[in-house]
Structures are given as C-alpha cells and as structure tokens.
Amino acid sequence: MENGQGKRVIVIGAGIVGASMAYHLADKGAKVTLIEAEGIASGVTGSSFAWINASHREPDPIAQLRGAAITEYRRLETRLPDLKIRWTGALSYSSHSSEAPPPSESRAVANRVSRSRIRELEPNLKHPPESAVYAAEEGALDAVAATHALVAGAQACGAKVLTHTRVLGFVTQGAKVTGVETTRGVLDADSVVLAAGTGINTLAQLLQVSLPIEASPAIFIRYTAQPNLVQTLISSPEMEVRQGPDGTLLAAEDYLDDAPENQPAAIALRTAKAICNELQGVVSIAPGRACIGLRPMPADGIPIVGFLPNVGGVYVCAMHPGITLAAIVGRLASEEIIDGKVSSALYPCRPARFFQA
Ligand SMILES: Cc1cc2nc3c(=O)[nH]c(=O)nc-3n(C[C@H](O)[C@H](O)[C@H](O)COP(=O)(O)OP(=O)(O)OC[C@H]3O[C@@H](n4cnc5c(N)ncnc54)[C@H](O)[C@@H]3O)c2cc1C
C-alpha cells in the first residue's frame, strides 16, 4: 500500500500545474479534490504557446529541473497518450547576420546547425540564418488538451473535480490548515496545494503570507493558415511560431503596453506580416484568437515550490515556464507531499527564501 493512501489533498487551480499535481497525487493513492474557480484550463494555460523548452542560458538555478523536463514528459505520455505532445524539435536564432546563441549546458541535446541543415528543417524560411541552435528533442503540446488529459488521468485514479467552485478562505487549527472554504461549502484536507497561478497571491494573503508573484503579460495568437508552412518550432527575433497538423499556426509575442497599436489584435496583424516576410508560400493567414495571458512570474524568476513555512499543510506550486515544468514538478512535488521524499532539484525553489531575515 502506498504511504499516501487515504491522505486527503485539495489542489486549488486546474491549469496545467494543478492538473499535473492532481494526477501525480492521485496516482500515488491520495484522495484528491481538484477545485477550479472557472473551467479547466481557463487561466493562462488556455493561452499558452506551450513549448516544452528545456534550454536556458547559464547560470540556471533550476538546470536540474529543466534538464529533466523532457524525460518526464516522455514518461508521462506513455501513461497518458492523450497528452499528444508533438516532438518537432525547436530552431532558435538571434539574427540573420550574427552567430546563433551558444547552446547552454542545460540544453543537453541542442546543436548548432548550418544554413543547409536549416533549409532541410524549415524549407519555407525565406532568409535562413547562417547558423541556428537546433534542439531536436524539444516539442510542444496543446496546453488545453493536455490539461484535460491530466485531469482525466487524475479522475481515473479517483480524484474528484469541482469546477466553477472558488476557494474563498481556509479553515485552520492553530497554525495548520485543515480545510478550505469554497463557494460550495467547506472541504476538509490533510494538505492543500496552491496551484492557482496568479491567484496564489490572494490565497496566500488569506494566510497572512506574502509571496512575490507578478502577473506577467504576454501575447498569444492563433492563426488559420494552410498546413506544412512550419515543421519545427521557430524562435527568432521576427517571430516565435509553430504549427499544428491541421494548419493552425500559433505565435507568442512580447506584451509592449496598452496603447491601441499594441493591442493583441493589432499585434496579430503585425506578426502576420512578419510571418509572410519570413516564410514563403503563405497563401492565407487569418488571425483568430489573440489575447493577453498573465503568467505567474515569481519576482526572482525561479519557481516557488514547497511547503509554506509557518503555516502547516500548505504546499505552493507557482512557476514559469509552467508548461515545461508541469510534469517534472508534478511528480517531484507529489513525492514530497505523499512520501516525504525531499527533492534536491526543488531546493532552489523553496518559498522560505522570501522569508529569511
Ligand atoms: C503567450 C504565452 C506564451 C507562453 N509560452 C510558454 C511556453 O512556450 N512554455 C512554457 O513552459 N510556458 C509558457 N507560458 C507560460 C505558461 O502558460 C504558464 O506558466 C502556465 O500555463 C501556468 O499554469 P498554471 O496552472 O500555474 O496557471 P493557470 O493556467 O492560470 O491556472 C490557475 C487556475 O487557478 C484558478 N484559480 C485561481 N484562483 C482560484 C481560487 N481562489 N479558487 C479556485 N481556482 C482558482 C484559475 O481560474 C486558473 O484556472 C506562456 C504564457 C503565455 C501567456
């Protein structure tokens, strides 16, 4: 019998992070209730570019986590085939004229490739750079579908899912949280996981805890275009794009400001022009959904994962890049909560770093 058999765990938030937590906890035998204020993947997960991007320039305090992200998704997709990850590889370059960025140590399987190889990988690029970094093992997923797959996996392991149910407060006994107050009443728990994205701030404040998590905006754009324009995932100064098998083209752009010319619809048109400038053979490219997503961004850029100090029974999971890290953090955090197995890969992520004198 698993140690966690029967342990009641409430996970707040059904974005990809909460869904992964719910799946891994339920898989370990915990009695999981996943509570979501709106619908599944209705938060920033629903507007994510969703690149499983294991690369980062050094120094990277979470290199160990990032380095394990792809292997963990590979493991997870054998158990949850509906994750439907597309392992297309990713091609990154900084400019047409200059050299590509040096591959970081954490990008174990990224190679610098020459123009001729870039042409093979992306035959539609009009101006292939002299060189680029190609991470053959990287990929992307449909973040909404993957979150549903994780939730379905959690349910298959016995988890209960309450959507359209908001957590309003906590029930405490002394310094320990023993349950949550929701719009549907009180639910008891042995542990509570805060996986509510940018909503974690509000929840933590209810426990008199202040966590520095900013709501960091980025622009998500979906286009309808003809298939086979983009084969891999291209990240360049002009565009960050990838394409699904049905032709849907996805792009991510920086948020600039709230000026009319920088509204998502205007950026979608500008980005469409950039894509036409960069790719040959674009017959049609019609912007569909274009919106701002608010990423839960810890102030120091490092995920916040672990038990809250000074409040018993509360575990925080706040991170960017949340798609990349959801699988590995879901497994390691569930082992900490259920088995008491402390993960050294999560050491740099502890909430306690914000409370040290
Ligand atoms: C344009 C864009 C591109 C991106 N590209 C990438 C990328 O390529 N790779 C990558 O790894 N990441 C990327 N990200 C970031 C990634 O999408 C996020 O890190 C990730 O989705 C965060 O997931 P989450 O589950 O923590 O948050 P969310 O998806 O926001 O989930 C939190 C959920 O909690 C719920 N909630 C909040 N408060 C309460 C409450 N009181 N009670 C109950 N429920 C509550 C919310 O309704 C929400 O559904 C991108 C983001 C954007 C916007």
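**Figure 1. Helix H1 and its buried residues.** The buried residues of helix H1 are Ile16, Val17, Gly18, Ala19, Ser20, Met21, Ala22, Tyr23, His24, Leu25, Ala26 and Asp27. A residue is called buried if 20 or more other C-beta atoms lie within 10 Å of its own, exposed if 12 or fewer do, and partly exposed in between, with C-beta atoms placed from the backbone. Since twelve of the twelve residues of H1 are buried, the helix is largely enclosed by the rest of the structure. The model is a predicted one, in which local features need pLDDT of at least 70 and side-chain atom pairs count only at pLDDT 80 or more, while totals for chains, interfaces and linings use all residues. Residues are numbered from 1 along each chain as its sequence is written. Helices (H or I, at least four residues) and strands (E, at least two) are DSSP runs, numbered from the N terminus. The expected span of a helix is 1.5 Å times one less than its number of residues. For the twelve residues of H1 this gives 16 Å, and the end C-alpha atoms are 16 Å apart, which agrees.

**Figure 2. The shell around the ligand.** The ligand is surrounded by 40 residues, of which the closest are Gly15, Gly43, Gly199, Gly293 and Gly322. By residue type, the shell holds 21 nonpolar, 15 polar and four charged residues. Here Ala, Val, Leu, Ile, Met, Phe, Trp, Tyr, Cys and Pro count as nonpolar, Asp, Glu, Lys and Arg as charged, and the others, Gly among them, as polar. The ligand lies between domain 1 (8-73 + 143-212 + 299-354) and domain 2 (90-136 + 215-297), because both give residues to the shell. The domain bounds come from an automatic or database domain assignment.

**Figure 3. The open sheet of eight strands.** The strand order is E5-E6-E4-E14-E15-E16-E13-E17, and the pairing is mixed. Strand E5 (110-114) and E17 are the edge strands, each pairing on one side only. On average, neighbouring strands of this sheet are turned by 20 degrees against each other, direction ignored. For such angles, axes are lines fitted to C-alpha atoms, for helices over the stretch in contact, and angles run from 0 to 180 degrees between N-to-C directions. Two strands pair if DSSP finds at least two bridges between them. E13 and E17 run antiparallel and are joined by twelve bridges; Ile219 has Ile292 in E17 as its bridge partner. The loop between strand E15 (240-243) and strand E16 (249-254) contains Gly247. This glycine, Gly247, is partly exposed, with 15 other C-beta atoms within 10 Å. Gly247 and Pro61 are 186 residues apart along the chain, and their C-alpha atoms are separated by 37 Å.

**Figure 4. The open sheet of three strands.** Strands E9, E10 and E11 form an open sheet in the order E9-E10-E11, with antiparallel pairing. Strand E9 (167-173) and strand E11 (185-188) stand at the edges with a single partner strand each, so one side of each has no neighbour in the sheet. Neighbouring strands here are turned by 30 degrees against each other on average, direction ignored. Six bridges join E9 to E10, and the hairpin of these two strands has two residues between them, with Gly174 in the turn at a positive phi of about 65 degrees. Strand E10 (residues 176-182) pairs with E11 over four bridges, and a hairpin joins E10 to E11 through two residues. Val180 is placed in strand E10; opposite this residue stand Phe170 and Leu187 in E11. Glu181 faces Val186 in E11. Val180 counts as buried, with 23 C-beta neighbours inside 10 Å. Val180 and Ser131 are 49 residues apart in sequence and 53 Å apart in space, C-alpha to C-alpha.

**Figure 5. The hairpin of E18 and E19.** Strand E18 (residues 304-307) and strand E19 (residues 314-318) run antiparallel and are joined by four bridges. Gly306 has Val316 in E19 as its bridge partner. Six residues lie between the strands of this hairpin, in which Asn310 takes a positive phi near 75 degrees.

Methods
Near = placed C-beta within 6 Å.
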